[in-house]
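Please look over the sequence and the structure before reading on.

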Amino acid sequence: MVASIAAMAMSTILASFGAGAMAPSANAAPPVSGGTMTILESTNGIGNWPAGLDPGTNNCCLVENEPFNDAIFGQLFTQSPKGHEEPDLATGFKFSDGNKVVSIFLRHNVKFTDGTPFNAAAVKFNIDRDLKLNGATLISSFPVKDTTTNGPYTVVLHMLYPFSPIINSFDSIAGPNWIISPTALQKEGEAKMKLYPVGAGPFMVQSDVQNSKLVLVKNPNYWQKGHPYLQGVTFESVGTDQSAYSAVVSGEAQVVQQVATSSTAVAAQKNPAVRVVTSHNPATGSLQLNTKIPPFNNIKAREAVYYALNQALLDKVAAAGQGAVSQTGDGPTSLFPILKVPGYRTYNLAKAKALVKQLGGLSFTITGFATNPVLSEAEQSEFAAAGMTTKIDPVNLAQLVAAFRSGKWQITGGGAGGLDPAIGVGGMTWRVQSNAPFTGIHDKTLDNLIATGASTTDPERRLAIYRQLFKYMSDQALMPFTYAAPLWNISNPKAMGPGLSLAMYNNYLIQWPDIWMAH
């Protein structure tokens, strides 16, 4: 049976969690307190926070800024190394009323770093604010109509409809998972909270130079006794993976997170002076096609792209062959790891050339995410071999979001799956559904399959639905997939804990309360 915390949660039985920190690697020495750590983040990804760090108003890069926000706010629900939900500031949850009501139970006697209580009223305030400010973006993965409280430590979500992965949604869509002090927000105002947000997490902001350097110091009153281990964490933006890697080798920094350049990762894997922890993205990469405008409103153009893509070669060129080829949006670390689809159009250069000839030529612009230019260039080379004419428009994260909103893009990298295909920025409700914020597909059949998969409670039935869904996408040639990218974190061997010395299901996540520096 497919392991699914969401399916387990959909029973009406109280889902309770035990408290306590995640243990570091079994072979590690006992954790020690003290010291600081410098984490380097790419300016093309995590290392930009142009909209600030207030979860309610960061409508640009909320999920990408997760490492900062996890450290500042903590989380209602966090995730285990295998991707299952675990407690943090929440302790449990319960479904009722036909699974349309979700009660979330909070940890007692927790305080924000301004000394005010972290309680149900504060959590309700934040979720209501998120729904008001970002409801159009959240709704597909967080279908909450309104909220109430039941005493000081229970928040009640009233759902628009039954949604089985709602608890996983907290971590995957991030915003409602991060709780800012209502008192600090009302006292200081949104402008200051964007730079100096007040949370109840393991660290608090000491200084913030936007898009450059964020210095956090230990929360002395953190709810978990003895945590965090570190006295402080500094996040610094860096231009290239190679310069970040060099900084770790020289000792100027301890960690570079989410390396995207395979040559840098391979060099680090051969260097005994550093440690490389590798996992696979639970979402498979794809080429998102804008099927609403030419040329990809024509199925023959879409088929040509399918046949032109050599998935294994792309993985070899762009990811050193360390990715996992998949014909769906779900990679091997997904809760629904479907890697093959009957009838999927695999690499066939002759068929690609024939289709391009039938079309009288095929030209388009690739809106390429600048964190991985090698992949865009490799795809462009494969298209050229099939007779297609392309150009690459390299963009950063904010520009990519703007391109999606304009509706004028033609083809770009993306995904359509993930830990749970129903949720998150890589999920169906963000990348495939007709009203999704980052979609190029408008198909009612798919919309119905997505809705059915999200509302179904039985994990085996959900698996069957997703098999049907990906088969339909394949038959209609709506989104060719590439591979589940390897996720590399490079660190000083003395940097210990989940995400550094212990691989997570997704190394985008680092469990900040449990990170420490060995002496």
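The model is predicted, and the chain has 16 helices and 24 strands.

**Overall build**
- With a radius of gyration of 22 Å, close to the 24 Å that the globule rule gives for 519 residues, the chain is as compact as a globular protein of that length.
- Along the principal axes, the C-alpha atoms fill a box of roughly 70 × 60 × 45 Å.
- Of the contacts between residues at least 6 apart in sequence, 71% join residues at least 24 apart.

**Burial and surface**
- Buried residues account for 59% of the 519 residues.
- The accessible surface is about 18,900 Å², and 53% of that surface belongs to carbon and sulfur atoms.

**Aromatic pairs**
- The whole structure contains 17 aromatic pairs.
- In one of them, Phe-68 and Phe-235 have ring centres 4.8 Å apart and planes at 70°, so the pair is edge-to-face.
- Phe-68 belongs to helix α2 (residues 66-73) and Phe-235 to strand β13 (residues 232-238), so this pair ties together parts that are 167 residues apart in sequence.
- Phe-68 is buried at a relative accessible area of 0%, and Phe-235 is buried at 1%.
- One aromatic cluster is formed by Phe-77, Phe-93, Phe-95, Phe-142 and Phe-170.

**Charges over rings**
- Arg-107 has its charged end over the ring of Trp-223, at 3.8 Å from the ring centre.
- Arg-345 lies over the face of Tyr-306, 5.8 Å from the centre of the ring.

Notes. Residues numbered from 1 in each chain as written. Predicted model: local features only at pLDDT ≥ 70, side-chain atom pairs only at ≥ 80, totals over all residues. Heavy atoms only, no water. Phe/Tyr/Trp six-rings, centres within 6.5 Å; stacked < 30°, edge-to-face > 60°. Helix = DSSP H or I, 4+ residues; strand = E, 2+ residues; numbered from the N terminus. Buried < 20%, exposed > 50% of the residue type's maximum accessible area, 1.4 Å probe, protein only. Lys NZ or Arg CZ within 6 Å of the ring centre and 35° of its normal. Rg over C-alpha atoms; globule rule 2.2 N^0.38 Å. Contact = heavy atoms within 4.5 Å. Areas by Shrake-Rupley, 256 points an atom, 1.4 Å probe, with all protein chains shown as cover.
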